[in-house]
Amino acid sequence: MKPKDLGTAHTGFHDWYWQRISAVVLLFSIPMLMGILLLTYNGNISFEILNIALTHPISKAASILFLFALLTHMWTGLKVIIEDYIHTTAARVVVLNILLLLLAGFAAYMSYHIWTELSYTWDCIPCGGK
Amino acid sequence: MSQKMKQSPLSPRLSIYKWRLTMFASIAHRASGVFLVFTIPALFWLLLSMAHGKITYAYGLHWLQGSFGTFVLWLTCVALFYHMVNGIRFLLLDIGKTDSREAMKLSAKIVVFSTIAFALLLAIKI
Amino acid sequence: MSEKVKLEIYRYNPESDDKPYMQSFEVPVEKSGMKLLDALNYIKWHIDGSLTYRRSCGEGVCGSDGLNINGVNGLGCITAIEGLKPPIKVRPLPNMPVTRDLVVDMNHFFDQYKQIKPWLQSNTPKPEHERLQSPVERAELDGSYECILCGCCTTSCPSWWWNGDKFLGPAALLQANRWLKDSRDDAAGERLDMLEDSFKLYRCHQIMNCMEACPKELNPTKAINDIKRALVKRKV
């Protein structure tokens with residue numbers, strides 16, 4: 001059957017635009033994350049230094065900014081993939097909203113994690129506590 | 001009637017199309033992106049948890065330095081390297097640089113082969 | 001005894017075949033520089049008259065014989081036999097309804113071309129003679145006007161394979177960009193309005209199969225990026 005031209009939805013620009021803006025933010029911030037991780041892995045960063053470096057208010061703010069750039073990039077990237085491979089509107093609506101919920105949950109949890117300096121004891125992993 | 005009802009077959013597409021390097025570069029960008037969606041948030045969470053408590057630091061470091069942790073770290077670095085270098089390639093195309101036919105093919109080569117070199121180098125160094 | 005080359009050709013006759021299949025042929029290489037279309041003609045004239053394919057000018061101008069040749073789209077009439085690894089696999093353009101053998105239904109492709117309104121839309125009254133362009137303005141159309149609408153690019157695009165009902169595809173978008181660039185056209189705003197769509201335009205993910213396939217060596221990927229930049233300029 002011949003597909004009809006349903007006109008233009010005027011969407012897509014913002015996904016494309018914010019994917020690129022977040023990409024530029026990540027281009028500078030992700031190497032820092034991986035750098036700190038690799039230095040810690042090699043034993044060059046002790047707990048004391050890591051603790052001071054990542055719980056300073058400025059680095060907390062930077063972590064939040066990084067978190068939201070990461071989430072924006074994940075959302076725009078995954079949305080395009082879902083639109084590419086899932087072809088019924090109903091399935092798209094369900095999957096996109098589940099994804100949105102998961103990302104929002106992750107955003108809330110990670111913001112809390114960063115701000116309250118959540119740590120874990122092995123008695124109760126999910127509830128954290130100092 | 002039955003002749004008319006018969007639907008024309010769709011000519012074959014992905015199964016027969018020859019893989020070009022630019023096509024590989026694009027799908028690899030997508031594949032590495034999907035992989036990073038899982039590992040980057042997890043590693044970010046791990047690093048923060050390690051910074052927040054001494055016990056978590058010790059356990060986290062133990063896991064990272066184990067063979068599975070090392071492998072995850074290596075694979076994430078490789079996927080990230082590719083996604084970033086090819087991402088720069090895409091950003092340059094977006095602003096209208098390096099977008100001649102030759103530059104598009106050459107940049108795909110550079111991106112893919114530099115990632116292979118990086119993966120090997122990191123495997124030795126890590 | 002002349003040299004022979006082996007070909008495997010996609011066959012489908014809707015009246016007698018349930019399913020398409022590949023059929024082997026051997027064709028003598030009569031002269032150096034022999035093109036794939038010559039081999040198809042040899043089969044049709046000397047071996048199997050029922051083999052069906054489109055061709056017209058035979059020299060890469062009309063865009064009738066777009067085919068999938070050893071996995072890559074191209075024109076049969078300008079693709080030399082010599083450069084192809086035998087057995088040469090010849091299939092119709094991908095992701096198209098097959099009418100018969102190598103002939104596909106191009107209606108949807110041309111419908112999408114129509115969607116971008118490929119004609120001059122001008123506000124100024126019709127001049128007595130032609131509408132003039134400076135050499136610089138005319139040069140803006142280089143890389144766009146050469147397109148012969150053979151369909152090699154659009155049918156090579158995975159994004160178009162998965163979402164071809166909405167995604168306009170490289171050929172139509174290259175043409176859309178051609179009219180955006182035309183100094184005589186006054187409908188750029190409406191053209192951009194029509195293109196600003198997640199599916200019509202933004203399905204392009206820089207796969208670049210279109211650029212690799214184009215027999216006229218054009219660059220539809222770049223044309224699509226030009227449109228995206230025009231949208232940024234308008235909006236930001």
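A:Asp84 and B:Arg30 form a side-chain salt bridge, 2.8 Å from N to O; the term covers a side-chain nitrogen of Lys or Arg within 4 Å of a carboxyl oxygen of Asp or Glu. This is a predicted model, in which local features need pLDDT of at least 70 and side-chain atom pairs count only at pLDDT 80 or more, while totals for chains, interfaces and linings use all residues. Residues are numbered from 1 along each chain as its sequence is written, chains are lettered from A in the order in which they are written, and side-chain values use heavy atoms, without hydrogens and water.

**Interface of chain B and chain A**

- The rule finds three salt bridges across this interface.
- On the side of chain B that touches chain A, the elements giving two or more residues are α2 (21-52), α3 (54-65) and α4 of chain B; helices are DSSP runs of H or I with at least four residues, numbered from the N terminus.
- α2(B) gives the most to that side, with 15 residues.
- In contact (heavy atoms within 4.5 Å) are 35 residues of chain B and 44 residues of chain A.

**Backbone features**

- Most residues other than glycine have a negative phi, and most peptide bonds are trans.
- B:Thr98 has a positive phi, near 50°, and is partly exposed at 40% relative accessible area; buried means under 20%, exposed over 50%, partly exposed in between (1.4 Å probe, protein chains only).
- C:Leu149 also has a positive phi, about 55°, but is buried at 15% relative accessibility.
- Between C:Pro86 and C:Pro87 the peptide bond is cis, with omega near -5°.
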